[in-house]
Amino acid sequence: MPAQTPRFSRRAGRIKISATKLMPMLAAEVGGCVSLGQGVPSFATPGFVADAVCDALRRDPAAGKYSLQPGLPALRRAVAGLFAREKGLTADPDSEILISVGAMEALLAAMLVLVDEGDEVIVPAPYYPSHVEQVLLSGGRPVFAPLRPDFSLDPGAVARAVTEKTRAVIITSPHNPTGAVFAEADLRAVAEIAVAHDLTVICDDTYDSLSYDAPATSLAMFPELRERMVAVGSFSKRFALTGWRVGYAFAPRPIMDQMLKVHDCAAICAPMPGQIAALAALTGPQDVFAGFAAALSARRDLACRRLDALSGHLSYVRPAGAFYIMARYRGDAPPMDMAVRLIREAHVITIPGDAFGPGGEQSLRLSFGADEAELTEAFDRLDRFFGK
Ligand SMILES: Cc1ncc(COP(=O)(O)O)c(C=O)c1O
């Protein structure tokens, strides 16, 4: 039999793996690297969360099985409570809350049910690459609305991006990759555009608890958007549970009914041990998580101090949230070349800024999710590299 060439869908051909995943793979080949690349806070799963999962697995045979398809009822109630407390959004936990496999699966489900072939989705740029890949996977076309040079949200750019084909706008604040926290007035203006043009808002609040100077405003706080919004949250960053793969979404019932079909196709349910961990984290003592946010705020200061000392080589806008900084370097080397040189010569992982689309040129995304020792080592190495 002659060897057969496998055929792949056009859908698969449209998307790629993001550079945030590729750079650590290259670094693993090189060896000895420290990371300013990771989208992961350094903290271990808190003991009381691990205990809750171990206890449940020992005493409850259901703990290792599928949960109800939309998620554990107690966790859905707790998430509805969180929306009500922090965003003033009242949601029916039985019909409007989904527990998903990370925020990522909820975002993909939203995109797959909202976007048809040829539909347009407005994405402020620079952007989180998976948002764009998800639009493309859904058959849609991402239309970029550039952030202002200080990385604030530009409602004028969003308005200019609207066409007859626009179906949705996706907003994440605090923002990956810039660490920006968008101003309430700009968010309000985007909300008005969404209402005026009958758009659905996909509100990705993955970093909502990590706003260091003032609490972040979320589009989920605007009641006028309630019936045209999917609001997505994550247990990954706030509770440092990235590997447990649990996120959640609010959507009004007509949208949620559709999303549940995709969720059933893709995952059946979020992992049960992860849901037990998430419930323990959300309903347990919160001081440990407040400590995570405080530590990240201190790491932001450390990273900014170290960047200030490199001002002859790198410039940046001080981030107000998340744990990312877009640092612009001098010269016109392509960002991938710069990031590869940093891995090979300085043994520091960074992410090429143009992986985040327009606005990321001549830039590297740096993360300050690593612990202080690793951050210090990484900046010492950058000092030596640029001091060469
Ligand atoms: C903006 C944004 N949304 C969603 C995610 C995915 O989060 P989760 O781990 O909950 O799937 C990330 C992860 O880095 C992110 O930066």
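**Helices and their packing**

Colleague: How many residues does α4 have, and how far does helix α4 reach?
Modeller: This is a predicted model. In it, α4 covers residues 73-87, which makes 15 residues, and its first and last C-alphas are 21 Å apart, close to the 21 Å expected at 1.5 Å a residue.
Colleague: Which residues in α4 are buried?
Modeller: L75, R76, A78, V79, A80, L82, F83 and K87.
Colleague: Switching topic, how do α5 and α9 pack?
Modeller: Helix α5 (residues 102-114) and helix α9 (residues 253-266) meet at an angle of about 120 degrees, and their axes are 9 Å apart. That angle is why they count as oblique to each other. The crossing of α5 past α9 is right-handed.
Colleague: Which residues meet there, in α5 and α9?
Modeller: From α5, E105, A106, A109, A110, L112, V113 and L114; from α9, I255, Q258, M259, V262, H263 and A266. By type, the contact has 10 nonpolar, 2 polar and 1 charged.
Colleague: Last one: what do the buried residues of α11 pack against?
Modeller: Helix α11 runs over residues 287-308. Its buried residues, including F289, F292 and R299, pack against α3 (47-59), α10, β9 (314-316), β10 (324-329), β13 (363-367) and α13 (372-387).

Terms used:
Residues are numbered from 1 along each chain as its sequence is written. This is a predicted model: local features need pLDDT of at least 70, side-chain atom pairs count only at pLDDT 80 or more; totals for chains, interfaces and linings use all residues. Side-chain values use heavy atoms; hydrogens and water are left out. Helices (H or I, at least four residues) and strands (E, at least two) are DSSP runs, numbered from the N terminus. The expected span of a helix is 1.5 Å times one less than its number of residues. Buried means under 20% relative accessible area, exposed over 50%, partly exposed in between (1.4 Å probe, protein chains only). Contact means heavy atoms within 4.5 Å. Axes are lines fitted to C-alpha atoms, for helices over the stretch in contact, and angles run from 0 to 180 degrees between N-to-C directions. Angles under 35 degrees count as roughly parallel, over 145 as roughly antiparallel, 65 to 115 as roughly perpendicular and the rest as oblique. A crossing is left-handed if the near helix is turned anticlockwise from the far one by less than a right angle, and right-handed if clockwise. Ala, Val, Leu, Ile, Met, Phe, Trp, Tyr, Cys and Pro count as nonpolar, Asp, Glu, Lys and Arg as charged, and the others, Gly among them, as polar.
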